Amino acid sequence: MALDRRAELAENLELVKATIPQGVHLIVVTKTFPVSDVQILHELGVTEFGENRDQEGKVKAPLVPAKWHFQGQLQSNKLRSICEWADVIQTIDSLRYVDLLAKATQKSKEVFIQVSLDEDSGSENRGVALPSEINQIADQIRATKNLRLQGLMAVAPLAEEPRSAFSRLAQIHQRFKSQYPDAPYLSAGMSGDYLVAIEHGATHVRLGSSILGSRARFL
């Protein structure tokens, strides 16, 4: 069974890698999958992994020496734990979390600002920053000693065609890059829409099911 799983992961990984241009970071999202899968993928050459939940990341990361991204919604009571294992935090959405993260760790952390692509979103939305807020958040990050701003992160709204959402994101990203040239990265695109995201400037893609398969088998 283990050999079959290794062969399955190897085949899926090669198929995906063939579609990703050189220079685009592949982050394999391992939520709900066992650490044995992560270890196999690491042996196959994957160097970056993503987790949405601290409970899983803090177990897997110490067992797999790779670059680990936290990409779930931040919670103040989890920050110290997340900072123990995550090298990159992709979901800063407010000035409050800039301050809390800076206080939660002495280590240097790479961070992204998660920007909303929902045109109907308001300040009551949790987990995303409005486009009008990202410059203020970026300036606050740059004022810290231990947070290193990398760029923007976004998720296409479920109710919208990805090409439309990522076209809007590309415009936001271009403006942001012109103002913060030392933070040029864009984390966007998942298994169902990563090719469109790459077309619109994504430098980091976050893929799970296209490599690991259906999560149903482990739920």
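View 1. Welcome to the first close-up, which comes from a predicted model: local features need pLDDT of at least 70, side-chain atom pairs count only at pLDDT 80 or more, and totals for chains, interfaces and linings use all residues. Residues are numbered from 1 along each chain as its sequence is written, and side-chain values use heavy atoms, with hydrogens and water left out. Helices (H or I, at least four residues) and strands (E, at least two) are DSSP runs, numbered from the N terminus. β1 (residues 25–29) has 4 of its 5 residues buried; here buried means under 20% relative accessible area, exposed over 50%, and partly exposed in between (1.4 Å probe, protein chains only). β1 pairs in the parallel sense with β2 (residues 48–51) over 2 bridges, and with β8 (residues 204–207), also in the parallel sense, over 4 bridges. Two strands pair if DSSP finds at least two bridges between them. On the β8 side, look for H25 and its bridge partner H204.

**View 2. T32 sits in the loop between β1 and α2.** Its phi is near 75°, a positive value in a residue other than glycine. Most residues other than glycine have a negative phi. T32 counts as buried, at 19% relative accessibility.

**View 3. Helix α6 (residues 134–142) has buried residues I134, I137, A138 and I141.** These residues lie on the same side of α6 because they cover an arc of only 100° around the axis, the arc being that of the directions from the helix axis to the C-beta atoms. Their packing partners are β4 (88–92), α5 (95–104), β5 (109–114), β6 (147–154) and α7 (162–179). Contact means heavy atoms within 4.5 Å.

**View 4. Helix α5 has Y97, V98, L101 and A104 as buried residues.** Seen down the axis of α5, they fall within an arc of 135°, so they line one face of the helix. The buried residues of α5 pack against α4 (79–85), β4, α6 and β6.

**View 5. E110 lies in strand β5.** E110 is buried, with a relative accessible area of 13%. Its side chain makes a polar contact with the side chain of K67 (3.1 Å); a polar contact is a pair of N or O atoms within 3.5 Å, where within protein one must be able to donate a hydrogen and the other to accept it, and residues adjacent in sequence count only if both atoms are side-chain atoms. Not counting residues up to four places away in sequence, E110 touches K67, D87, V88, I89, R148 and Q150.

**View 6. E51, R53, E56 and K60 are linked in a network of salt bridges.** A salt bridge is a side-chain nitrogen of Lys or Arg within 4 Å of a carboxyl oxygen of Asp or Glu. In the pair R53 and E56, the closest N and O atoms are 2.6 Å apart; for K60 and E56, they are 2.8 Å apart. K60 and E56 both lie in helix α3, 4 residues apart, about one turn of the helix. K60 and E56 are both buried, while R53 is partly exposed at 42%.

**View 7. R6 forms a salt bridge with E43, with the closest N and O atoms 2.7 Å apart.** This pair links distant parts of the chain, with R6 in helix α1 (residues 2–17) and E43 in helix α2, 37 residues apart. R6 is partly exposed, with a relative accessible area of 30%, and E43 counts as exposed at 55%. A search of the whole structure finds 12 salt bridges.
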